[in-house]
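Please look over the sequence and the three-dimensional structure shown here before reading the notes.

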Amino acid sequence: MTDRQETASATTGRLYGVGVGPGDPSLITVRAAELIGRADVIAYHCARHGRSHARAIAERYLTGGQLEERLMYPVTVETTDHPGGYRGALDDFYQEASERLAAHLDAGRTVVVLAEGDPLFYGSYQHMHKRLAHRYPTEVVPGVTSISAAAARLGTPLVEAEEVLTIIPGTLPEEELTARLAATDSAVVMKLGRTFPAVRRALERAGRLDEARYVERATMDGERTGLLAEIDADSVPYFSVAVLPSRVAALDSDGQPFEALAAPGEQPSQVGEVVVVGTGPAGPLWLTPEARGALAGATDLVGYTTYLDRVPVRAGQVRHGSDNKVEGVRAEFALELARRGRRVAVVSSGDPGVFAMATAVLEAACEDPYRDVPVRVLPGMTAAHAAASRAGAPLGHDYAVISLSDRLKPWEVIARRLRAAAEADLVLALYNPGSKSRTTQVGSARDLLLEYRDPATPVVLARDIGGPTERVRTVALAELDPADVDMRTLLLIGSTQTQWVQRDGGRDVVWTPRRYPEA
């Protein structure tokens, strides 16, 4: 309580925001019932029809001698001719309603504002709280939310272990709904009613419609639950929610290693799916919502162990890590798991289609016996784009992406492509520049490019972008030292037009103009 509130408490009444729960009067807390019974004034919000769900829930606790303040909204979903529009009409209403309550508080009366569910969870009470709590002694009494009631009625765990619960208003744009639903483990979508068709489409686009459950009027008369996909949109009221419950229980925890799968001649009872997921260059900050959702929904994760370690451990999922040099074996293993009915996410760093796992999976998937196994590829942030963002905008014009690794193609091919890109004056993004067993490629590439580029051409050395040892620096092409480059380094080599400028306290900024000079 502030000093101002302590001074006021001696001469004014107290304000209580009281949660009355989701609908069943017996779910009102003991504290809420006590305050309702001894309040001088009971206030509640209602639509223009005058009926208040909050008052109906609390009715058995009213004494009959209390003053009642019915705070009737001027608009709900209809249009208004208020000069400030819908928001202006509501702001004026909240101000007028709060002053009505302030008059009671100034007269020394105790005021209880009833709130369905919890007062500070999508509740109308919060608008009174923001206008009055700093002026009067105030207490908020929490209530059982519709989320807890819905989960209880479904009898299904909402979240388990390290799962994340996302609460989403159905009034968000459909694209945003889709992204949020795809990215999270569990979710509750509030405020259905007229938003139901968009919510249903978003669930379907996110690939989660089959998981979704529907709860209407939880703990109230007329309660209804069921599979959301089977609900008629015209029958959905405002007092309903969509629930994506915990995935842990749905995951088969009996995953087995490849050697223990059924013999190749046996036919699977149900074909699963392989999703090749790009995780970006580093940790979870680089994940797209779609990729995050695919990782959460998989029964099995397959990938290079270093990349698997970036994915959070989830109860019920089986992780199959392997060495970085067995891409073909890893791809066939993932497809065999899916052929046996598993939902498999193949984890790939960066973008899976850029020197990564998508090619290996699709190559195997186009051969028997995997032609009928569904395969999807989900894009990710590429290392080149991540590195470029740290340096400025070196890829602002045409550029080429080349791997310096000669493990899968001869160096003569690499040199020919470097020369062609240099002759075309393209910015270069060089992947896999060097390793413990490959120490000559960087020096050879530098010497070749110096035949076409000024020695002062900027070269961005970007190492471990997004990781704990991230380092980005710029050197002149002639000063590029192969000893400074390893497999975790990506090189961005400028064209003849690329600019290298110091600004912002001496920070190097590299950028390539979008306009190319005319001949």
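This is a predicted model: local features need pLDDT of at least 70, side-chain atom pairs count only at pLDDT 80 or more; totals for chains, interfaces and linings use all residues.

Residues are numbered from 1 along each chain as its sequence is written, and side-chain values use heavy atoms, with hydrogens and water left out.

**Helix pair**
- The axes (lines fitted to C-alpha atoms over the stretch in contact) of helix 4 (residues 85-106) and helix 5 (residues 125-132) come within 9 Å and cross at roughly 65°.
- Helix 4 and helix 5 are therefore roughly perpendicular to each other, a term that covers angles of 65 to 115 degrees, and their crossing is right-handed.
- In the contact (heavy atoms within 4.5 Å), D91, Y94, Q95, A97, S98, L101 and A102 of helix 4 meet H127, M128, R131 and L132 of helix 5.
- The residues of this contact divide into 6 nonpolar, 3 polar and 2 charged.

**Cavities**
- A cavity is a set of points on a 1 Å grid over the protein atoms alone where a 1.4 Å probe fits but cannot get out, and its lining residues have an atom within 4 Å of a point.
- There are 3 cavities of 30 Å³ or more, and the largest cavity holds about 60 Å³ of space.
- The largest cavity is lined by 11 residues, of which E160, E163, V248, R314 and A315 lie nearest its centre, and this lining divides into 6 nonpolar, no polar and 5 charged residues.
- The second largest cavity, with a volume of about 50 Å³, has a lining that includes T279, P284, L295 and R310.

Note on methods. Axes are lines fitted to C-alpha atoms, for helices over the stretch in contact, and angles run from 0 to 180 degrees between N-to-C directions. Helices (H or I, at least four residues) and strands (E, at least two) are DSSP runs, numbered from the N terminus. Angles under 35 degrees count as roughly parallel, over 145 as roughly antiparallel, 65 to 115 as roughly perpendicular and the rest as oblique. A crossing is left-handed if the near helix is turned anticlockwise from the far one by less than a right angle, and right-handed if clockwise. Ala, Val, Leu, Ile, Met, Phe, Trp, Tyr, Cys and Pro count as nonpolar, Asp, Glu, Lys and Arg as charged, and the others, Gly among them, as polar. On a 1 Å grid over the protein atoms alone, a cavity is a set of points where a 1.4 Å probe fits but cannot get out, and a pocket is an open set with protein on both sides within 12 Å along at least five of seven lines; lining residues have an atom within 4 Å of a point. Grid points are joined across faces, edges and corners, and a volume is the space filled by probe spheres set on the points.
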